[in-house]
Structures are given as C-alpha cells and as structure tokens.
Amino acid sequence: MEVDDEERQKQSAGEGEVEEERENERKKSVVIKIPSYQEVFETSQAKPPPSLFRPSSSFAEAFSFIKNSEFYSTPPPPPTSSSQSVPSQVNSASRPSEASCSSSSASASVPSSAPSLSVHNRNAILVSHRQKGNPLLKHIRNVRWMFADVVCDYLLGQNSCALYLSLRYHLLHPDYLYYRIRELNKNFKLRVVLCHVDIEDVVKPLLEVTRTALLHDCTLLCGWSLEECGRYLETIKVYENKPADIIQGQMDTDYMSRLTHALTTVRHINKTDVVTLGSAFGSLSRIMDASMEELARCPGIGMFV
C-alpha cells in the first residue's frame, strides 16, 4: 500500500510539472513583443518599385532593333583610296572659302538682326507681365506694345515709365502704390502714376494717391475711363523724342503780334487798344515811358487811366 501511494505521488508530481511547463509556454506565447525604433523606421519607409529600365552597354546594342525594322537600309560601301584623293584636295581647297563666306554672312546677319530688334523694342511700349489680363491693353491701338521683363508697368521710353493704379484696387491695398514706386529706385526722369478713377466717392482715395505721388516726385494722371488711360500712354510714347515747345502755342514773329501778346495780358486791354497804343506811340518802350495825360488822350484808354 505504501508503494502504491508513492507511485501516485510521483505521478501527481509529474503531472504538476507538465502543467507548469504548459502554463509557462502559454504565458510566453501571450507576451507582446515591442519592436525597436530601427525596425519601425525600416518598415515605414516606402520601398520604390523595381525599375524597368535596363541600360545597354553600348549605343549599337541600344539601337540594334532598328536594323530589323523596314526603315533601315545598309550604308553604301566606303570609297577606295584612289578615288578619294582627288575630292579630298578639292574639298580642302573649297572649305576655306565656304568658311569665309559663312563667317561673313553670319557677321552680316547678326548686326542686321540686332538693330531691327532694338528698333522694334524702342518703338513699342514694353508692358510688364503683371499687367496680363488688364482690359486697358485693348485700348492701346495707335502704338505697338509687347510684354517684357520690366520693373514698371509700362516702359514708355528710356527715361519715362508709368505705373497703373485703379482706385478700387487702392481701397483694397492702400500700400501698393508706395511699394511699387519704391521699386523704381529713381531710374527714370519721368515717372507717371496713371490712376483709373473707377469709383464714385473719389475724394479721400484720390487725396491719398495724390499725396503719395507728390512726395515721391511722380506725375499723376487721372483717367475716368480705360480709353482715356490708353490715350495717355499713346500720347506719352508718341511725344517721347519730340521737343517741349511743340505743344506750346504758335506765336507770329512780327513786332505787332508780339506787342499784342504782351499787352493783352494786362487787364482791360484788348487788341483794339493795342492798335491804338501802337499807332500813337510806336513801340513798347515809348508806351511805358508815356505819362498819364498822354495815355488819357488815346481813345478807349482814357476811361481806364
């Protein structure tokens, strides 16, 4: 009986050890393994797809498929050395002349194209790319214009430019005109601010634009329509190289016309009075030296003396 009890105890102890091993294996299988930073970084990187490009080892191998196409024809055999000697001499003699002709034609073509391009640009209004879509460009009809990389909005000449500003845009961006004028850096003698008046209440915004233009030595031109603004640009471009006296009034060179122009600037003196004074005294110096009594004797003058 004692032996049976010992065997039973041994069996129960063996069964307990087996259950402990199973429990330990079960716990090991339940443990969550935390990956390292390197493993997470490697798995998160997107692997590029395998490239289908297989570079060829030589040019002939890369284009070998052309030989099998219908467009390929075998090249002619190379000429013999005896037949090649005479043409080589002829070609060597003709090459210097051809080179000289080509160089002379190239040298002649480059200067001719350069002046034509410069003249084309000089006779046209250069428009900045930021003015693309501006309906004002449709109203510039009498002068050519083209887009170019210029700082100003409209380059009207070597020393003249224009900045376009809409009062409606000025209300949204009050500092736009100041920064645009500052970009010019006084590189132009004539700097025009072309203001398009496209709002009804113009007193306050137009006062701000006028103040900014005057403080930065700019000329302000206001247009109440796009046609008028386009006409301003055309006029400035047309009169770019004209003298300033061309827009002045023409005055006759004879003495009587000059005397009339001088005396009619005085109040109450008309052209009839100038004829009376000229016939009575003869010259402007005598009129200026005449006394009050002598001027009072002239008909039509005495009532003003």
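Buried means under 20% relative accessible area, exposed over 50%, and partly exposed in between, with a 1.4 Å probe and protein chains only. This is a predicted model, where local features need pLDDT of at least 70, side-chain atom pairs count only at pLDDT 80 or more, and totals for chains, interfaces and linings use all residues. Residues are numbered from 1 along each chain as its sequence is written, and side-chain values use heavy atoms, without hydrogens and water.

**Stop one: tyrosines**

Select Tyr169. Its relative accessible area is 35%, so Tyr169 is partly exposed. (Rings of Phe, Tyr and Trp, the last by its six-membered ring, pair if their centres lie within 6.5 Å; planes under 30 degrees apart are stacked, over 60 edge-to-face, the rest tilted.)

Now select Tyr178 and Tyr179. Their ring centres are 5.2 Å apart and their planes at 70°, so they too are edge-to-face. Tyr178 is partly exposed at 35%. Tyr179 is partly exposed at 41%. The whole structure holds three aromatic pairs.

**Stop two: two helices**

Select residues 255-263, helix α9, and residues 271-281, helix α10. (Helices are DSSP runs of H or I, at least four residues, numbered from the N terminus.) The two pack at about 120°, axes 10 Å apart. (Axes are lines fitted to C-alpha atoms over the stretch in contact; angles run from 0 to 180 degrees between N-to-C directions.)

Show the side of α9 that makes the contact: Met256, Leu259, Thr260 and Leu263. On α10, show Lys271, Val274, Val275, Leu277 and Gly278. (Contact means heavy atoms within 4.5 Å.)
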